[in-house]
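Q: I would like to learn how to read the features of a structure one at a time. Please show it to me and take me through it.

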Amino acid sequence: MISALLAILKFLGILLLFCLGLILAILLLVLFVPVRYKLTARRKPEEDGTPITAEVKITWLLHILNVAFSYPKAAYVRVRLFCFTVFSTKKSAEDDSDSDSSSEVKERAKKKKAGKKKWKKQKSESQENAREDETEAEISTAGGNGENPQQADSAKSMDSAKSMDSSESMDSSESMSSAAEPDASPAAPGKEPDEDDREDAKKSVIDKFVEFFRKLFELLTNIRYTITGIYDKIKQVVNNIQYYIQIIKSDTFGRAWGVCSKQALSLLKSIGPRKVSGTLLIGTGDPASTGEVMAAYGILYPLIGDRIALTPDFEQKIVEGELLIKGKITVFKALKTAWIIYFNKDLRRLIKLFKREAA
């Protein structure tokens with residue numbers, strides 16, 4: 001019994017150690033195995049009307065993880081894991097094309113149905129118009145040149161109504177004219193009307209002067225408040241600038257800037273391309289301008305070196321070439337840089353200073 005229990009514990013211990021070792025191995029692989037990238041670009045004007053083609057490949061751990069991107073020929077993004085396609089845009093593009101074709105067929109069918117309905121509606125309207133024209137022609141032919149007695153009676157009644165309306169309007173106008181005549185009444189005793197008008201004019205002038213000075217006073221006070229507000233804002237901006245200048249001149253900012261810049265440059269150097277090579281055939285159609293391009297290439301030669309070969313063409317206007325860029329990125333390096341920058345005391349103190357001023 002004890003031996004069986006010990007055997008089970010031994011098996012569980014070995015299984016636990018195996019799982020821990022597997023997890024540790026996967027973690028070490030993720031941290032220290034670099035992610036490699038490769039960029040290939042070509043320019044060939046005579047190939048299928050696509051002057052520029054580009055291909056990007058990203059691989060990890062002996063191509064176990066493979067990401068590919070191609071443009072513009074069969075533009076797609078594909079992700080493979082252990083030779084199995086995990087994600088691909090080719091299928092989605094095909095599905096989109098199928099859906100587009102089906103939607104086009106549906107739209108055509110709808111347009112056909114709408115056209116048929118419109119044609120039927122126009123046909124029915126034309127038939128109704130033709131029927132109305134026929135009925136009008138029949139009525140006109142049946143009436144002839146004579147008048148209908150009913151129409152004559154209606155015309156007489158209309159004339160009598162018009163005459164009655166005209167007589168009523170004449171009576172109303174006479175009554176309005178008689179009412180509008182002014183009644184002669186004696187003038188009221190007291191002050192003369194000229195003196196009243198003068199006093200009213202004086203009062204209106206005084207009121208206008210008072211209103212003018214009141215508005216002028218309000219305008220001056222508003223200008224004063226506006227100037228004081230602008231002054232306060234300018235003063236606040238100047239104080240903020242002086243505060244930030246003091247922070248930048250402080251030793252804390254200098255130490256934080258030194259650490260962050262050093263780590264950022266180191267990270268960019270590690271993820272930068274390790275291999276750059278290419279060939280370029282260039283011609284502007286003018287020998288003088290082509291010579292100027294070659295002069296610029298000579299100035300940049302100490303930086304470029306033999307990695308990019310430039311061949312001039314002094315006879316025709318052409319730009320052709322190939323470019324190859326290779327590099328790698330390590331997750332451990334990125335995490336190390338982020339750790340050092342995030343837990344830097346000077347940087348954290350600097351962030352607190354900036355937040356205090358912003359708040």
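Q: How many helices and strands does the protein chain have?
A: The model is predicted, so local features need pLDDT of at least 70 and side-chain atom pairs count only at pLDDT 80 or more, while totals for chains, interfaces and linings use all residues. Residues are numbered from 1 along each chain as its sequence is written, and side-chain values use heavy atoms, with hydrogens and water left out. Helices (H or I, at least four residues) and strands (E, at least two) are DSSP runs, numbered from the N terminus. Here the protein chain has eight helices and eight strands.

Q: What share of the residues in the protein chain is buried?
A: Buried means under 20% relative accessible area, exposed over 50%, and partly exposed in between (1.4 Å probe, protein chains only). Of the 359 residues in the protein chain, 11% are buried. The accessible area, from the Shrake-Rupley method with a 1.4 Å probe and, for residues, only the protein chains shown as cover, comes to about 29600 Å² for the protein chain. Carbon and sulfur atoms supply 63% of that area.

Q: What part of the contacts in the protein chain joins residues 24 or more positions apart?
A: Contact means heavy atoms within 4.5 Å. Counting contacts with a separation of 6 or more, 61% are between residues 24 or more positions apart.

Q: Which residues make up the largest nonpolar core?
A: In soluble globular proteins, nonpolar side chains tend to be buried together. A nonpolar core is a set of buried Ala, Val, Leu, Ile, Met, Phe, Trp, Tyr and Cys residues joined through side-chain atoms within 4.5 Å. The largest one here has six residues: Tyr 243, Ile 247, Ala 256, Cys 260, Leu 347 and Leu 350. Helix 4 (193-249), helix 5 (251-271) and helix 8 (345-358) each give two or more residues to this core.

Q: Which residues does Leu 350 touch, leaving out those up to four places away in sequence?
A: With those left out, Leu 350 touches Ile 247, Phe 253 and Ala 256.

Q: Where is Phe 354, and which residues does Phe 354 touch?
A: Phe 354 lies in helix 8 and is partly exposed, with a relative accessible area of 30%. Not counting residues up to four places away in sequence, Phe 354 touches Tyr 244 and Ile 247. Phe 354 and Tyr 244 are 110 residues apart along the chain, and their C-alpha atoms are separated by 8.1 Å.

Q: Is Gln 263 buried or exposed, and what is in contact with it?
A: Gln 263 has its place in helix 5 and is buried, at a relative accessible area of 14%. Leaving aside neighbours within four places in sequence, Gln 263 is in contact with Thr 337, Ile 340 and Ile 341.

Q: How many salt bridges does a search of the whole structure find?
A: Side chains of opposite charge can pair when their charged atoms come close. A salt bridge is a side-chain nitrogen of Lys or Arg within 4 Å of a carboxyl oxygen of Asp or Glu. The search finds three.

Q: Which salt bridges involve Arg 214?
A: An α-helix has 3.6 residues a turn, so residues three or four places apart point the same way. Arg 214 pairs with Glu 211 at 2.2 Å, N to O, and these two are three residues apart in helix 4, about one helical turn. Arg 214 also pairs with Glu 218 at 2.8 Å, N to O; here the spacing in helix 4 is four residues, again about one helical turn. Relative accessibility is 39% for Arg 214, 32% for Glu 211 and 38% for Glu 218, so each counts as partly exposed.

Q: Which parts of the chain does the salt bridge of Arg 255 link?
A: Arg 255 forms a salt bridge with Asp 346, the closest N and O atoms being 3.0 Å apart. This pair links distant parts of the chain, with Arg 255 in helix 5 and Asp 346 in helix 8, 91 residues apart. Arg 255 is partly exposed at 43%, whereas Asp 346 is buried at 18% relative accessibility. As for networks, salt bridges that share partners join Glu 211, Arg 214 and Glu 218 into one.

Q: Where does helix 6 bend, and what follows the helix?
A: The bend at a residue is the angle between axes fitted to the seven residues ending there and the seven starting there. Helix 6 (residues 287-304) bends by about 35 degrees at Gly 298, and Pro 302 follows within four residues. After helix 6 comes Gly 305, whose phi is positive, near 70 degrees.
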